[in-house]
There are 2 protein chains.
Amino acid sequence: MNNVAGRRATIIDVAKHAGVSKSTVARVLGGSTNISEEARDRVLKAVTATGYEPNQLAVGMRSGRSGLLAIVIPDVTNPFWAEVARGAQDRAAREDISLLIFSSDWDADKEATHLRSLRRARVDGAIINPVADNFGDLSRFGLPFVLIGSSAERFPDTSSVGSDIAQAVRLGMDVLAASGHRQPALLLGPRSRLARARFLRSVHEHCVERDIDPAILPMEESEYTVEGGHQAMTRLLERKGREHLAVFAANDLIALGAIMAVREAGLSCPNDVSVLGFDGIPAGAFSWPGLTTIEKPGRQIGVRAVDSLLDEIAGRGEHGRIFLPCRLVQRGSIADLSAQAPVRMAAGG
Amino acid sequence: MNNVAGRRATIIDVAKHAGVSKSTVARVLGGSTNISEEARDRVLKAVTATGYEPNQLAVGMRSGRSGLLAIVIPDVTNPFWAEVARGAQDRAAREDISLLIFSSDWDADKEATHLRSLRRARVDGAIINPVADNFGDLSRFGLPFVLIGSSAERFPDTSSVGSDIAQAVRLGMDVLAASGHRQPALLLGPRSRLARARFLRSVHEHCVERDIDPAILPMEESEYTVEGGHQAMTRLLERKGREHLAVFAANDLIALGAIMAVREAGLSCPNDVSVLGFDGIPAGAFSWPGLTTIEKPGRQIGVRAVDSLLDEIAGRGEHGRIFLPCRLVQRGSIADLSAQAPVRMAAGG
DNA sequence: CGACACCGTGGTAACGTTCCCACAGATCGG
DNA sequence: CCGATCTGTGGGAACGTTACCACGGTGTCG
């Protein structure tokens with residue numbers, strides 16, 4: 001693709017080839033009006049002949065728009081965040097914009113490094129799921145940005161896109177209640193994460209609405225990982241008696257770990273323990289039993305985040321705070337104790 | 001972070017602030033030698049005072065190095081490819097290089113679009129898992145690049161990084177044979193994919209070594225997805241008699257789909273059907289039974305691909321063809337028929 | 001018929017950096 | 001003691017593009 005004298009063709013090469021000035025070439029390529037049919041024709045021919053591809057660096061330099069967007073997420077390897085990234089990628093591609101993806105590992109130092117990188121790259125804007133204790137820096141970030149995830153709450157004056165946690169929790173608590181589990185145990189994430197507080201608050205609010213004392217709900221906490229969920233569930237099983245237990249996990253990995261712990265304790269899910277997850281990662285479909293879970297619209301969050309970011313860059317409209325609804329995915333990890341013949345008795349327990 | 005008169009500080013702002021020329025600032029920041037202690041000091045102070053961050057666009061424009069690398073994979077949402085991307089990301093970050101990630105969905109058109117985008121962005125190099133029928137374009141790609149995945153074979157003259165399929169297949173066939181499954185069925189991917197041919201050839205080679213006629217191995221083919229694996233396994237079960245069946249799936253998603261199909265057919269894995277996967281995605285640990293599989297070193301492939309790409313860019317050394325070894329992960333999806341009391345009889349079949 | 005708008009085009013100055021050359025002063029070897 | 005080399009610095013061109021201004025030609029209106 002380097003046609004002219006071994007180097008890549010520039011706009012000047014195209015102009016020479018077409019016998020016009022580079023201004024005219026720029027106008028044709030920029031989709032500007034007021035160009036003679038003939039000039040447009042010759043320019044277009046010259047472009048293909050020379051194999052010209054605009055130099056985005058030069059464009060960015062001159063126009064102030066680099067054609068680059070960045071997204072900073074905890075980990076591309078996490079299925080939920082991969083979905084978000086993919087949504088952003090697809091949406092950006094539609095605008096001929098490329099996406100830089102960074103993984104922060106919930107590490108403030110890494111995040112700072114990535115933020116520096118993307119500023120140097122002169123990205124036109126950034127989508128960020130910020131690490132908990134890194135607030136101050138964002139306000140003087142000096143770049144259009146959109147927040148994703150639970151952290152949005154802490155920044156009332158910025159655009160954000162996330163899932164509607166309150167609605168999701170309501171959905172989850174209701175499906176548990178409908179199966180006879182009015183007081184599920186909670187498998188929470190670590191204290192330091194913003195998502196934990198958001199989840200817990202929604203549970204409390206919902207309990208108050210339903211005249212349940214939130215304080216009586218058993219709780220365990222762990223990392224948002226399979227190992228964490230496994231440990232938390234093991235602790236919970238030791239702590240609790242032999243009655244049927246229902247747990248609402250703060251994410252699917254924890255839920256999957258919990259199911260493994262149940263099995264290893266010689267118990268059965270859903271016969272002895274009902275488990276409800278949160279995220280909707282594909283792996284939940286392969287577990288046994290299939291994980292009943294609340295699915296967050298990961299991809300949609302990515303798409304809408306880019307939408308908001310483009311608005312932000314263009315200076316259009318207000319800072320929007322968008323909360324997308326979640327969806328219940330019923331599989332087999334919740335026992336229906338409300339039925340005439342409760343599962344637990346049918347199982348001969 | 002925009003300190004000087006509302007705009008972002010440039011090297012000239014720093015120079016003025018420090019009372020030196022921009023050349024001196026550039027030398028200090030470029031780590032050049034021959035700078036007085038005093039000048040360096042004042043420049044460094046001026047940098048923090050102005051909040052200066054080099055404009056990577058301008059750097060790229062002038063120096064010809066954009067500080068950007070790109071990776072084109074089928075889908076970031078696929079756990080294996082996410083691992084590869086993550087490895088590349090981490091390795092690139094160590095060199096202060098940012099990574100553009102593109103998902104091609106195995107679609108030649110999308111791939112072409114992405115290739116165009118990354119060329120416009122003037123990335124310094126690219127890591128590509130090319131779509132099957134898109135060969136010609138790569139030879140005149142005009143940019144340093146490294147191939148990843150099975151396609152490497154078709155390009156003897158380019159650097160590539162992949163897993164050692166022959167070794168992986170040997171590992172898999174041997175572990176199956178050791179459990180008494182000498183002639184496993186093969187669950188292959190679609191004909192159009194290069195990976196399929198590579199896998200199949202390794203199986204053939206291994207069979208020849210072990211005096212097995214490859215033609216007697218039952219085969220089914222499908223997309224590299226859970227649904228595909230489910231359908232393929234269903235067809236296979238219809239086709240085969242009631243003896244214990246062992247299958248070697250070409251990837252983990254197919255294997256997971258196969259396990260689901262076995263369960264739905266009222267059979268048991270591993271009691272009636274043994275399943276071996278290939279990839280090592282995390283979801284394999286959550287399925288029931290846990291999926292025994294051959295783990296590809298996804299992250300390592302990403303890391304080494306960037307290594308090779310940096311060599312390629314620097315013009316160092318030969319074009320390397322790297323094949324990384326795979327690892328067996330034993331979980332519970334293979335029955336041991338070689339034991340004194342075969343599982344199948346113990347299960348009362 | 002003259003003033004004026006508009007169309008299509010070309011020329012040129014930036015954008016922020018690096019690279020190369022020039023130059024003044026210090027150091028050094030013969 | 002003088003030419004040569006080295007050290008530390010400054011000046012300016014160039015990278016490829018876009019934005020702006022200027023210009024000749026044509027049509028329109030009073």
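**View 1. Chain B laid on chain A.** Turn chain B by 180°, shift it 0.1 Å along the axis, and it can be laid on chain A with an RMSD of 0.2 Å. That is the relation of a two-fold axis. Ser287(B) has the C-alpha nearest the axis in chain B, 2.0 Å from it. The superposition is by least squares on the C-alpha atoms of residues with pLDDT of at least 70 in both copies. Keep in mind that this is a predicted model, where local features need pLDDT of at least 70 and side-chain atom pairs count only at pLDDT 80 or more, while totals for chains, interfaces and linings use all residues. Residues are numbered from 1 along each chain as its sequence is written, and chains are lettered from A and ligands numbered from 1 in the order in which they are written.

**View 2. Where chain B touches chain A.** The contact takes 40 residues from chain B and 38 residues from chain A, with two residues counted as in contact if their C-beta atoms, placed from the backbone, lie within 7 Å. On the chain B side, α4, α5 (79–93), β2 (98–103) and α6 (108–120) each supply at least two residues. Here helices (H or I, at least four residues) and strands (E, at least two) are DSSP runs, numbered from the N terminus. The largest share of that side, six residues, comes from α5(B). Sorted by class, the side of chain B that touches chain A has 19 nonpolar, twelve polar and nine charged residues. Nonpolar means Ala, Val, Leu, Ile, Met, Phe, Trp, Tyr, Cys and Pro, charged means Asp, Glu, Lys and Arg, and the others, Gly among them, are polar. The copies meet through the same surface, because 95% of the interface residues of chain B are also interface residues in chain A.

**View 3. The surface near DNA strand D.** There are 26 residues around DNA strand D, and Thr10(A), Ile11(A), Ala58(A), Arg62(A) and Ser21(B) come nearest. A residue is near a strand if its C-beta atom, placed from the backbone, lies within 6 Å of it. Two or more residues each come from α1 (11–18), α2 (22–29) and α4 (56–63) of chain A, and from α2 (22–29) and α4 (56–63) of chain B. With five residues, α4(A) gives the most. The tally for this surface is eleven nonpolar, ten polar and five charged residues.

**View 4. The surface near DNA strand C.** Of the 26 residues around DNA strand C, Ser21(A), Asn34(A), Ile11(B), Ala58(B) and Arg62(B) come nearest. The elements giving two or more residues are α2 and α4 of chain A, plus α1 (11–18), α2 and α4 of chain B. This time the largest share, five residues, is from α4(B).

View 5. Most peptide bonds are trans. Cys269(A) and Pro270(A), though, are joined by a cis peptide bond with omega of about 10°. Pro270(A) sits in the loop between α11 (252–264) and β9 (273–279) of chain A. In chain B, a cis peptide bond joins Cys269(B) and Pro270(B), with omega again about 10°.

**View 6. Two residues with positive phi.** Most residues other than glycine have a negative phi. Trp106(A) has a positive phi of about 55°, and its place is the loop between β2 (98–103) and α6 (108–120) of chain A. Trp106(A) is partly exposed, with 18 other C-beta atoms within 10 Å. Asp211(B) has a positive phi of about 60° and is exposed, with 6 other C-beta atoms within 10 Å. For these labels, buried needs 20 or more such atoms, exposed 12 or fewer, and partly exposed lies in between, with C-beta atoms placed from the backbone.
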